[in-house]
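Welcome! Try each task on your own, then follow the solution step by step.

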Amino acid sequence: MSENRESSVLGGILARGYSRIFFENWPMWVGGVLIGIMSVVTFAWARPWGVAGGLRNWGDWFFSVVGIYHHKPLSPVVSTNSILTFGLLWGAFVASLLSKQFSIRMAPPLELLKGIVGGIFMGVGAAMAGGCNVGGFYSALSALSFSAIAMMIGLLIGAFLGLKYLYWELEHLPSRPTGGTRASEHKEGFNWVQIEPYVGAFALLAALICAFMYNTQAYTRVGGLLLCGVAFGIIIQRTRFCFVRAFRDPFMTGEGEVARAICVSLFISILGFAALKWTGLRGESVYVSQAFWFGGLVGGIIFGIGMVVAGGCGSGSVWRAGEGQVKLMLAVICFALTTSLFKAFIKSSKGLTALMGHRVFLPDYITYKWTITGLLLFLFVYYLLATWNEETEKFTVEM
Amino acid sequence: MVDNITPDETLDCRGLSCPMPILKTKKTIGKMSSGQILEVFSTDPGTKNDLPAFAKRTGHEYLGEKDDEGFTRFFIKVK
């Protein structure tokens, strides 16, 4: 009798915990903190977090299979770039199933076109800036690379231009809604949504088994990175963490919540990366790409326009694709193909490569001490500005 | 509570993803007058977080939401 009662109490606790994690909203800043921690854990384990590198690997692989590229890229199964991005996609898929939010969401034709065009812009921008908003900005700033600041300025300009386009579109191109049908919903009385959590749990288990198999094949690092990617995917899907919003919303609605969450996240990530690099545990040049300043700034602008038009950045497009949004699936595919081609194009010319810029590792110029102080101060000012703009709407652009 | 609401305007954002539902809502509200009620249809899961936050920030009253078949109805009272 009392055993029954105890087990039902335990069941209640578990059910509440599940609903807390998968049905309720997580605050944005929690996402920021968790991403910051995962970013440091991922770098400590093997390498910094990136998204565009994985997409490029898939693009390279595709063009090599169809015979356009003559060299063979690293197999997507063992490339750490590819595995991280695959994990992100998988994690978002798992989280959206566990929270009953997965469904194939069709979009109107204009939206699909925006996904394609946005994906192409992001592919070009990421090839120039040495990564997307993650590898070119978030992880690069954590890695104390100055090109991240160039890309951040570019992203702000690009987001502003992209928003101007969205306003224009709102006036001139009214897109028709698709209606309420979900493509994945069959009308034969089978309630797909009810079994989603079970499919999700199974998918999560499959990821763990995959990591275990990597381990037995002496690819422990790759297996671990798969799990890191899955963790990013779950965190980001549950918080709906969106880098686009950090750059776009201050202009659009004045909202500064995501901008602040990213500042908090970078605080953690910068301290962790600095510790790993300063102590010599990780190479100093890691994620310091040759993109200061032309590649970072101009790539950032192009990427910024693309992410606002597509409605998702590097990480954002991937997790929304994992949730079943067709528009963002197209964006991811176009991103992968374009970034592979454009990177190959840049690499084919010495002049272009040089034009993208230099590696600028800040501690080489102003020492670690002042780099860390300077970057944290910079983030603090950005945090204050985002909050100040929330109150005054000084930067907000009217329609 | 949201069952008895008769909206003055309905905005159909089904199939659109972030940020289009918010932008369209902002635009539609701009054309409405104080006290009127706007109903928004959306299929984007993000709208469940974004619309209440938007209403709170801009001072409009968020009346609630209701799940329908394959989409959600949101109700906002213009300030």
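## Exercise 1: A tyrosine in a loop

**Task.** Decide whether Tyr287(A) is buried or exposed, then describe its backbone and its place in the chain.

**Solution.** Before starting, note that this is a predicted model.
- Step 1: count the neighbours. Tyr287(A) has 28 other C-beta atoms within 10 Å, and a residue with 20 or more is buried, so Tyr287(A) is buried.
- Step 2: find its place. Tyr287(A) sits in the loop between H11 and H12 of chain A.
- Step 3: look at the backbone. Its phi is near 65°, a positive value in a residue other than glycine.
- Step 4: look along the loop. Trp293(A) also lies in the loop between H11 and H12 of chain A, and a cis peptide bond with omega of about 5° joins Phe292(A) and Trp293(A).

## Exercise 2: Two lysines

**Solution.** 
- Step 1: take Lys100(A), in the loop between H4 and helix H5 (109–129) of chain A.
- Step 2: Phi of Lys100(A) is near 55°, positive although the residue is not glycine.
- Step 3: turn to Lys72(A), in the loop between helix H3 (52–65) and helix H4 (80–98) of chain A.
- Step 4: Leu141(A) is 69 residues from Lys72(A) along the chain, and their C-alpha atoms are separated by 31 Å.

## Exercise 3: An enclosed helix

**Task.** Why is helix H10 of chain A described as largely enclosed?

**Solution.** 
- Step 1: check its residues. Ten of the ten residues of H10(A), 243–252, are buried, so the helix is largely enclosed by the rest of the structure. Among them are Phe243(A), Arg245(A), Asp249(A) and Met252(A).
- Step 2: find what surrounds the helix. The buried residues of H10(A) pack against helices H6, H7, H11, H12, H13 and H16 of chain A.
- Step 3: see what comes after. Gly254(A) follows H10(A) and has a positive phi, near 85°.

## Exercise 4: Chain A as a whole

**Task.** What is the radius of gyration of chain A, and how does it agree with that of a compact globule?

**Solution.** 
- Step 1: list the elements. Chain A holds 16 helices and zero strands.
- Step 2: A compact globule of 399 residues would have a radius of gyration near 21 Å, and chain A has 21 Å, so the two agree.
- Step 3: consider burial and contacts. Of the 399 residues of chain A, 53% count as buried. Among contacts in chain A with a separation of 6 or more, 84% come from residues 24 or more positions apart.
- Step 4: look inside. The largest nonpolar core has 118 residues, of which Leu226(A), Phe303(A) and Val332(A) touch the most other members. A second, separate core of 19 residues includes Met106(A), Ile29(B), Phe71(B) and Ile76(B).

## Exercise 5: The sheet of chain B

**Task.** In what order do the four strands of the open sheet in chain B lie?

**Solution.** 
- Step 1: pair E2 with E4. These strands of chain B run antiparallel over six bridges, and Glu39(B) stands opposite Phe75(B).
- Step 2: pair E3 with E4. Six bridges join these antiparallel strands of chain B; Tyr62(B) has Ile76(B) as its bridge partner. The two strands form a hairpin with four residues between them, and Gly70(B) in the turn has a positive phi of about 80°.
- Step 3: write the order. The sheet reads E1-E2-E4-E3, with mixed pairing. E1 and E3 of chain B stand at the edges with a single partner strand each, so one side of each has no neighbour in the sheet.
- Step 4: H1(B) lies across E1 and E2 of chain B, at about 160° to E1(B). H2(B) packs on the sheet and touches E2, E3 and E4 of chain B.

## Exercise 6: Where the chains meet

**Task.** How many residues does each chain bring to the contact?

**Solution.** 
- Step 1: count the residues. Chain B brings 22 and chain A brings 24.
- Step 2: find the main contributor in chain B. H1(B) gives the most to the side that touches chain A, with four residues.
- Step 3: sort that side of chain B. Its residues divide into nine nonpolar, six polar and seven charged.

Key. Residues are numbered from 1 along each chain as its sequence is written. Chains are lettered from A and ligands numbered from 1 in the order in which they are written. This is a predicted model: local features need pLDDT of at least 70, side-chain atom pairs count only at pLDDT 80 or more; totals for chains, interfaces and linings use all residues. A residue is buried if 20 or more other C-beta atoms lie within 10 Å of its own, exposed if 12 or fewer, and partly exposed in between; C-beta atoms are placed from the backbone. Two residues are in contact if their C-beta atoms, placed from the backbone, lie within 7 Å. Ala, Val, Leu, Ile, Met, Phe, Trp, Tyr, Cys and Pro count as nonpolar, Asp, Glu, Lys and Arg as charged, and the others, Gly among them, as polar. Two strands pair if DSSP finds at least two bridges between them. Axes are lines fitted to C-alpha atoms, for helices over the stretch in contact, and angles run from 0 to 180 degrees between N-to-C directions. The radius of gyration is taken over C-alpha atoms; the globule rule is 2.2 Å times the number of residues to the power 0.38. A nonpolar core is a set of buried Ala, Val, Leu, Ile, Met, Phe, Trp, Tyr and Cys residues joined through C-beta atoms within 7 Å.
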